[in-house]
Amino acid sequence: MRGLMRAINKEKINVIGYTAWSLMDSMEWMAGYSSKFGLVYVDFEKEDRPRTIKDSGRFLRKIVETRHVPYVPVS
């Protein structure tokens, strides 16, 4: 998300689309279940694998619902 915000706010790029790398945390061949880069956290320690929406997931949901990217300062 930082890259998206930098492109829009700092570089003034007219972004017309965005694809998240992964919806949920998942198993990676080289890192197993230790990589956490999805929009939704998956607790692989529990049998029922509960899911929790991360801040990035809530942020993207707000953009989709409002069709507006809020200004967030980035360095």
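**Note on the predicted model**

1. Helix 2 has a buried set: Gly-57, Phe-59, Leu-60 and Ile-63. These residues cover an arc of only 160 degrees around the axis, so they sit on the same side of helix 2. On the other side of helix 2, Asp-55 and Glu-65 are exposed. This is a predicted model, and the points below should be read as such.

2. What lies over that buried side? The cover for the buried residues of helix 2 includes helix 1 and strand 2, residues 51–53.

3. The length of helix 2 checks out. It runs over residues 55–66, which is 12 residues. Arg-67 follows helix 2 and has a positive phi, near 55 degrees.

4. Overall content is brief to state. The protein has two helices and two strands. Along the sequence the pattern reads α-β-β-α. Is the protein more spread out or more compact than the globule rule gives? The radius of gyration is 15 Å, while the rule gives 11 Å for 75 residues; the value is well over the rule, so the protein is more spread out than a compact globule. The C-alpha trace spans about 45 × 25 × 20 Å along its principal axes.

5. Burial and surface come next. Of the 75 residues in the protein, 21% are buried. As for contacts between residues at least 6 apart in sequence, 23% join residues at least 24 apart.

6. Gly-38 deserves a look. It belongs to the loop between helix 1 (2–10) and strand 1 (40–42). Is Gly-38 buried or exposed? Its relative accessible area is 3%, under the 20% cut-off, so Gly-38 counts as buried. Beyond neighbours within four places in sequence, Gly-38 is in contact with Ser-22, Leu-23, Met-24, Asp-25, Lys-54 and Ser-56. Gly-3 lies 35 residues from Gly-38 in sequence, and their C-alpha atoms are 16 Å apart in space.

7. Asn-9 is a residue of helix 1. Its relative accessible area is 15%, which is under 20%, so Asn-9 is buried. Which residues does Asn-9 touch, not counting those up to four places away in sequence? They are Tyr-71 and Val-72.

8. Most residues other than glycine have a negative phi. Lys-12 is not a glycine, yet its phi is positive, about 60 degrees. Lys-12 is found in the loop between helix 1 and strand 1. At 64% relative accessibility, over the 50% cut-off, Lys-12 counts as exposed.

9. Arg-49 also has a positive phi, near 50 degrees, and is a residue other than glycine. It lies in the loop between strand 1 and strand 2. Its relative accessible area is 34%, which falls between 20% and 50%, so Arg-49 is partly exposed.

Terms used. Residues are numbered from 1 along each chain as its sequence is written. This is a predicted model: local features need pLDDT of at least 70, side-chain atom pairs count only at pLDDT 80 or more; totals for chains, interfaces and linings use all residues. Side-chain values use heavy atoms; hydrogens and water are left out. Helices (H or I, at least four residues) and strands (E, at least two) are DSSP runs, numbered from the N terminus. Buried means under 20% relative accessible area, exposed over 50%, partly exposed in between (1.4 Å probe, protein chains only). Contact means heavy atoms within 4.5 Å. The expected span of a helix is 1.5 Å times one less than its number of residues. The arc is that of the directions from the helix axis to the C-beta atoms. The radius of gyration is taken over C-alpha atoms; the globule rule is 2.2 Å times the number of residues to the power 0.38.
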